[in-house]
Amino acid sequence: MNPLRFSSVAVVFSTGALMAPAVIAGTADVSLPFIDDTTSGIDPAKFYTHAIDFGSGDASAGTDRPVVAGVPFYTVTADGVSQIGQYGIENNQPNNGAVNANTSVIAGTGLNDMLRDLKWGQNAPGTMKLTGLEPGATYEFRLYQRQWSSNNRSHIITFDDGSGSPSELTFNPDADPAAAVYLSYIYTAPPSGELNVSWVGDGVPDNTTLHLYGMTNELVEDGTWLHGKATSDNHYAIFLGKADGSNLRLVGRDTFRDWREAERHVMEYQPGDHIYLVSWDNPGAVGDPQMVIGDFDLPGGGSIGTTGTEWEVVERPMNSNPGDNYDPAALPSVGDLAALIGTGGWFSPVAAPNTTGPWGTNGYFAPNWSATSAEFIWGDTFDNLSQSNTNESYYLFRTIDSVLSGVLIDLANTTFSTAATQGDLVGNFTFVSSDDDDEVTYSFVAGEGDADNSKFQIDGDRLELGSFDFSGEDDGAQFTVRIQGSASESGLTERSFVLTVVGDSDADMLPDSWELAYAGEPVPPDYLDRLSGLGGADFDADDLTDKEEFDMNPTADPAGVSPINGDSDGDDLGDGDELVAGTDPTDPDSDGDFAFDGHEIEDGLDPLDKDSDDDFWGDGHEQLLGSDPGDPGSMPNFAAGVTLVPVTHDCSSGISDAVPFTHAVSGGTAATINGVAFDVLDAAATPADFLWDTAAFTKNIVANNLNDWSPASGGVTGAQMIELFDSFTYSSSGAAAGSTQQFTLSGLTPGSSYDLRLYIRSWSQTGAGRFIDLSFTNGAEVTVASPEGGAPEDLPGDVLMNGGNNHQAYYVNFRYTAQGTELVIDTNVPAGAAANNGSFHMYGLSNQLAAAGAPTDFAITAVSRAGDGSVTLTWNSEDGAQYGVDFSTALTPEGEPGGWQELTDSVASQGASTTFVDTVAGPAGAPTLLYRVRRASGVVGQ
């Protein structure tokens, strides 16, 4: 079975008043059209973590950095990856740089530069990931678009902020030739600090790939975040903490590796925090001026960084110089800094340093946020400080005053129901204070954002609904209040809040919009009576109330739990029963073993364990292939004619110049094995009588790169085999489910028997496994060589079923009699594969005439034990081969108790059948003996 896969959702239970889930999905929208820099919404007063131009910038001006409305945009590198300070961006599309200026429509000079050229990829899904964001901070992501041609370029754009409910919108930039627009997504950064954006064509005929022109990611100010910009000659780090060094925490450091490039930092501050800057030079640098340029915007206006009188400085010893090591772990530790902060010795004010210009200016420094010169500079020599060797010490700067004194107030919840009435809770006020003795009282206050003060009331720390009737308000309507916090020790502080109403006209604790999503088509007049959040109502009788299912899926995501379907994922296990079992009610196959959760429980298997009997075969695969997934002694056989042969030394490859070969192909680079020269296959060269087809995807090679694979760890000692495994070909962008590579061997002799061999090893020890569906087409016969759902190319240990060492290598042998002149090999990425599964890696392939009298299926054909304890083994064999025999008493890996041990490695073939008598392990009297036979040092059957 191969169940359809769905994405998981977060499970959040809540009680009491109607409120948003713990992690709220962002909001996606498309802007109104704009035609110039001014109307683009780009503003230098905003704080951007990312401002990216996906083209080549302003080619006419000779610069790669367009400036839109005063905001400079970085360009990405040709390989699609760029690091902007601590904020990274990754994108999978190549930089093709196509140009179509569209100058008749877009008037703004900078905007025209950004939109004139682009990145684009193949007709396949695309992805973008932003990293380094501050968890809990609110951002707005914008993707700028304009028409390229009159073609239909319609795409489904998905924004995944980690909330468990990705947002989607369908967009066609070619629909409007008159202006540009941007796609907007407002979201809260998750704990990972990442935003993932992906897109795929919506299936419209003649659709083409999405174009990337430019993007921004803006910090949305909400009163709880401080932001700053800094650069340095040569290095710096930023910390926040109290004046005595307590609660010290790292904000960020220079990571752009260009000492004149500005880096942007977002900081979650607390009242009483000071900003700390640590500055140091490279190892060995003596007497070079130390310069740091900074600009820190404060809450409620104002900034720090324009004059030296705002800072104090002290020189501290450096036990080890971080140098150019951009790992934050290489910085002075928080504990060491906190201890040194408390030792005193601060010097203030900071005098003008010995630079080439007066304080605040240096013509060599013109950071991108400033049109003039440096705003904050100091050097190695200060008044009352001696010349320093910064290879042995660093300068530590601290703001003289705290960033914010007093209290910071917040509101725990900002949504409420239209069914709520006077006195019902909206949310509780909370505060953080710089004074431990503070007590805060709350009241309404006039000022910006006070428009709806009269509609609400305050009782202690509770914000409640007032006498205003909200029952007629539209779902999503917003109201603003301004609140004053009066602190007993720290004085007054103010802040405005935006409150959002959720439509609930029948007062049943469920939003009308959510109930409507499950009303059916056409919508019945009484659709609001179908579901209810009151009284334990459970419409679909799945032991989850309608209210619980709303809490689990508040966006009515079709892939989430449904209140009208008791088995939301169709796996024959009810939603409530799934929560009891610990399985995912939105995923029919929670453990990914290609067996439905309900079927596994019915069969006595573990739905949270891919391999219930620990025999290295997934439960679903065993069910499909007829073995018992609950019995470790019952394992499936491969298709007739298919065997797996581990490879260790060169002879174990089965390659010999004494055997006629029709094909010997090496992926990527040349190789010679036991006198047989392998022809090179790469993007430009194709061996005779051989075809490599990657459909719409490009052909690529990786040469001389073992990546994660350790031959020695897998027992692979043959230098010639390692040379073959050193390089490979693959299909670029052909890594998604459904992608295929096809290899065709021609020039075969009908009626002749052949051994086709594919040589396999691991590329990544940490990836998804690289599951591949492998099949052979021989005339009218199609032999599927892999289990349903594919075999993991990167997990040889699992495939070989002999202990799970994924550094092993092996070959797949397919014995066949040619029905025609061609054999076709298909290597597909299976439908259920992960998004980053990866395409098939072709390291090597051979096709040789089958040895006369060799068995069609290799197997141990007979086992018997005599009265003296000796054991006789018989197996099918090949003429001229040599075999080894191992034994085990517990089927555990080598080196563990009961693990595999060698009996002999020198059993000569006796022809088509070989017999061996064990007089060593057998007479030892073990109640259980397990044997395996290997050709040379490689297992060929068990």
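Two strands are taken to pair if DSSP finds at least two bridges between them. In the predicted model described here, strand β41 (residues 771-778) meets that criterion with strand β43 (residues 791-792), to which two bridges join β41 in an antiparallel arrangement. Within this pairing, Ile 772 stands opposite Ala 791 of β43. Strand β41 is also joined to strand β45 (residues 823-828), here by five bridges, and the two strands run antiparallel. Asp 773 has Asn 828 as its bridge partner in β45. A further four bridges connect β41 to strand β42 (residues 781-784), again with antiparallel direction, and Asn 778 stands opposite Glu 781 in β42. Strands β41 and β42 form a hairpin with two residues between the strands, and in this hairpin Gly 779 takes a positive phi near 65 degrees. Of the eight residues of β41, six are buried, so the strand is largely enclosed by the rest of the structure.

Considered as a whole, the protein chain contains nine helices and 53 strands. The chain has 942 residues, of which 52% count as buried. Its accessible surface comes to about 37,700 Å², and carbon and sulfur atoms account for 50% of that area. Among contacts between residues at least 6 apart in sequence, 71% join residues at least 24 apart.

Strands of a sheet pair through backbone hydrogen bonds, either parallel or antiparallel. The open sheet consists of six strands in the order β1-β12-β9-β14-β2-β5, and its pairing is mixed. Its edge strands are β1 (27-30) and β5 (74-75), each of which pairs on one side only. Within the sheet, strand β2 (residues 48-53) is joined by five bridges to strand β14 (residues 214-219), and these two strands run antiparallel. The bridge partner of Asp 53 in β14 is Gly 214.

Val 676 is found in strand β35 (residues 676-681). The relative accessible area of Val 676 is 8%, and because the limit for a buried residue is under 20%, Val 676 counts as buried. With neighbours within four places in sequence left aside, Val 676 is in contact with Ile 655, Ser 656, Asp 657, Phe 661, Ala 664 and Ala 671.

Charged pairs were considered next. Side chains of opposite charge can pair when their charged atoms come close. The structure holds 12 salt bridges. One of them is formed by Arg 495 and Asp 410, with the closest N and O atoms 3.4 Å apart. Arg 495 lies in strand β31 (residues 491-502) and Asp 410 in strand β24 (residues 407-411), so this pair ties together parts that are 85 residues apart in sequence. Arg 495 has a relative accessibility of 14% and counts as buried, whereas Asp 410, at 33%, counts as partly exposed.

A salt bridge is also formed between Arg 815 and Asp 755, whose closest N and O atoms are 2.5 Å apart. Arg 815 belongs to strand β44 (residues 809-817) and Asp 755 to strand β40 (residues 753-761), and the pair links distant parts of the chain, 60 residues apart. Arg 815 is buried at 14% relative accessibility, and Asp 755 is buried at 1%.

In the salt bridge of Lys 455 with Asp 452, the closest N and O atoms are 2.9 Å apart. Both Lys 455 and Asp 452 are buried. Elsewhere, Lys 242, Arg 249 and Asp 273 are linked in a network of salt bridges.

Definitions and conventions: Residues numbered from 1 in each chain as written. Predicted model: local features only at pLDDT ≥ 70, side-chain atom pairs only at ≥ 80, totals over all residues. Heavy atoms only, no water. Buried < 20%, exposed > 50% of the residue type's maximum accessible area, 1.4 Å probe, protein only. Contact = heavy atoms within 4.5 Å. Areas by Shrake-Rupley, 256 points an atom, 1.4 Å probe, with all protein chains shown as cover. Salt bridge = Lys/Arg side-chain N within 4 Å of Asp/Glu carboxyl O.
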